Amino acid sequence: MSISQPQKKRAEGVPVASCWNCKGAVTGAHFCAACGKIQPLPGGWDYFRFFGLSQKLTIDPAELEGQFHILSWKLHPDNFVLAGEFERNLSLERSSELNDAYRTLREPISRVEYLLEHLGVRKEGTTKQQAPPELLEEVFELNESLDELREARADGGDVAGLRGRLDAAAVNFQEKLAEVDAGLEAMGHEWDAAIDSGADDATRGALLARMNEVLNRRSYIRNLVAGVQKELAEA
Amino acid sequence: MGRVVGIDLGTTFSLIAYMDAQTSAPKCIPGPHGSALCPSVVSVDRDGEIIVGDAARQRLLTQPDRTIYSVKRLMGRGVADVQSELKIFPFRIDPDSDNVIRVRLGDRTFTPPEISAYILRELKSWAEKYFNEPVDRAVITVPAYFNDAQRQATKDAGRLAGLEVLRLVNEPTAAALAYGLHKQKRGHVAVYDFGGGTFDISILKLISTTEGDIYQVLSTNGDTHLGGDDIDNLLRASARDEILRYHGIDVDQHPQLVQELRKALITLKHELSHYDSATAEGVPLSNGELFKKSLNRETFEQLIGTVVGRTMVPVRLALADAKLTVKQIDEVVLVGGSTRIPLVRKTVGEYFERAPHCELDPDEVVALGAAVQADILETGVKTMLLLDVTPLSLGIETMGGVVAKIIPRNSTIPASAQELFTTGVENQTAIDVHVLQGERELAKDCRSLARFQLKTPPGPAGLARIEVKFLIDANGILQVAARDMRTNEQHTVEVQPSYGISDTDIERMLEESIEYAEQDFADRQLIEARTEAETIIAATVKALADPRATEISSDERKAITESEAELRTAMLGPDYKLIRSRIDELNKATEHLAEVLMNGALQTAFEGKRLDDV
């Protein structure tokens, strides 16, 4: 897959700029088609576009890795040691973006989070947690068990028995997490289908909102599990 | 433009290598004694001359207070960090040390980068003599687990030595580079690098693309305070206890004895890699007795078991981070002198369920890899690419002293993160940012990297919007750039490193160093001759003081004393040939005395004067 394709249809929303070196037209590709010089990152860019992908959530990991290797070879600062400072900085900018993009897109969860953040549905850094309503009872029981364990440690109660219960609860929640992840994957396919079929804003917006909700629940469950494991590690 | 080289700046030994254009293979450059290994030891003469390498190592015995080894352990660290080291290393830290350590050698103080710079300059001079051309650029290797301050200190050292540092390369990655050339392997490789002072484990993936080979580091872990030195210290502690118990002497009170003991024990350690048991050369004690440590391999392995065990913890963590199991590792490579120890090879082999590779000289392999990378960077032509990672998570301190991680550990570098900062209270004119490295949750448990302030005009809280871009470059060193989002202007940021020498101080050091011009051949000969003279004089004085020396005649004693005096006189002058001939004369004059002492020592040993039960 070639990196600079001047004949490629211009990606929507990306302004045509001129190459800093030869003034030829560049459409956000990594290198100028005419003179081959590395280009600055344009505004309105995103990690998907960086890899020449559309904003779809299903990505073949082997293909992504292959692209990562090809782009690494071309963009790495090693190629620009003899170039001027301007180009060296561009290389630093692009290769760090490449690495950040790969790191994010490679894991399904961070991929979804990124998409939602980029589309303004989710605010970066704020992990909202939402207790899944169907699990409320289990969560309640779990918190009770945790309290009891802490008391038992202090008073010398049946720590072993309580640990056993918590272990089971942790396993239970891990399974729930796996279910949530599977659900998210399915939603990912829904999203991709929506993109392919040119679904309207309302449909896409609704899908995004549902995915956001799932991410919040996932956060909650993950924190629960982490909390339990931390408590178990202590005794 | 001068020549380009690759340098392994090691804890115990340093090496310099280059790419031989004719063979297309990297090659180490030998020093004046024919060895490619330059001991990382620096000594300061009374005249202020700096001596590096073999000559300096000899001075560890004669002038321990003017000589330093393992300075790599001090690079990029603060005084508080090294307190535990001071108990087992004879570092003399100047009380005036602030955020950069100052070490006392003789009556002068030096920072660790300055001392490392002397080692680099020595290697540079080897290369310049070898090529008969100037050398001005280098790739220098660092432990993969070195943090930002430690890397910056290494870069500073390069600069002080008059070298443009093209790149800092991680030692295991460099070894993989050298190894890959040799073996043309593909797949997952674990590089286990156990050196003099540091331990690194790196898990790499070797990929072949149509353009060339990529060495992609998947994860790295390690301990910047775990090495052969720790094994030496265990031996030393055990010997110290014995000497105290059976000879009633506290070794720590005699710095010269400490160094002689260290030298003997290191040789013993090396021998135990080849033989099942060994005896160290006798170390004369102040009461005339001779201490000879004997050890068999079994006991040695029991002694060092915990040190070797400690190396396996980062190995497990690195595999977990790489999301690989032991079975998925195709090759294991051993790097560093300490991997010659049979227990190490056995432990690593058992863990990875395969025989580790050590065909390449574990001492040279890192320098060779650095030379390969140096060649790539010089010509801009690459046949291979190193994709390395940052070993530690980068974070910023947030409210409550909690660290928010912005770049996770084992991220491929270059890596970046953007953070938006704003004011918290009305009319706040400066936003403080504290950058840290580490995996812990609280700032106080992480490594402080740097602090800086973002200046902003007074206004309502939350109005200011300054975007800070944190970038970890290909060297693994942090760069910071800030932009005011409202004006879209670059916002200058003055970063205060938590540990390290400021730029102004480096400039000053560079100016001062020009005064200490490169030494020419005759100077070097003179220094070496003087050093040798000191060694033999010290030995003579000690021998004459030995109780058994009464056996020699007073005429002989007079002859020795006169010869010694002549040598001392010669030392004051600039004629190194004269010094050498006087050394020969003194050697002749003390031949008989040496024999007498040797016989006496053997007798003592045979009289069953117990030194070691094993």
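Predicted model: local features only at pLDDT ≥ 70, side-chain atom pairs only at ≥ 80, totals over all residues.

Reply: Residues are numbered from 1 along each chain as its sequence is written, and chains are lettered from A and ligands numbered from 1 in the order in which they are written.

The open sheet of chain B has 5 strands in the order β23-β22-β26-β27-β31, with antiparallel pairing. The edges are β23 (403–407) and β31 (496–497) of chain B; each has a single partner strand, so one side of each lacks a neighbour in the sheet. Strands here are DSSP runs of E with at least two residues, helices are runs of H or I with at least four, and both are numbered from the N terminus. Two strands pair if DSSP finds at least two bridges between them.

Within the sheet, β26 (residues 430–437) of chain B runs antiparallel to β22 (residues 394–397) of chain B, joined by 3 bridges. With β27 (residues 447–455) of chain B, β26(B) pairs in the antiparallel sense over 8 bridges. V435(B) of β26(B) is the bridge partner of I396(B), and V435(B) also stands opposite A450(B) in β27(B).

Chain B also holds a helix pair. The axes of α6 (residues 228–247) and α7 (residues 255–271) of chain B come within 10 Å and cross at roughly 115°; axes are lines fitted to C-alpha atoms, for helices over the stretch in contact, and angles run from 0 to 180 degrees between N-to-C directions. Residues of α6(B) including I231(B), L235(B) and A239(B) meet residues of α7(B), among them L261(B), L265(B) and I266(B); contact means C-beta atoms, placed from the backbone, within 7 Å. By class, this contact has 6 nonpolar, no polar and 4 charged residues. Ala, Val, Leu, Ile, Met, Phe, Trp, Tyr, Cys and Pro count as nonpolar, Asp, Glu, Lys and Arg as charged, and the others, Gly among them, as polar.

Between the chains, 16 residues of chain A are in contact with 21 residues of chain B. On the side of chain A that touches chain B, α2 (61–75) and α3 (85–106) of chain A are the elements that give two or more residues. The largest share, 6 residues, comes from α3(A). By class, that side of chain A has 6 nonpolar, 7 polar and 3 charged residues.

Key
Contact = placed C-beta atoms within 7 Å.
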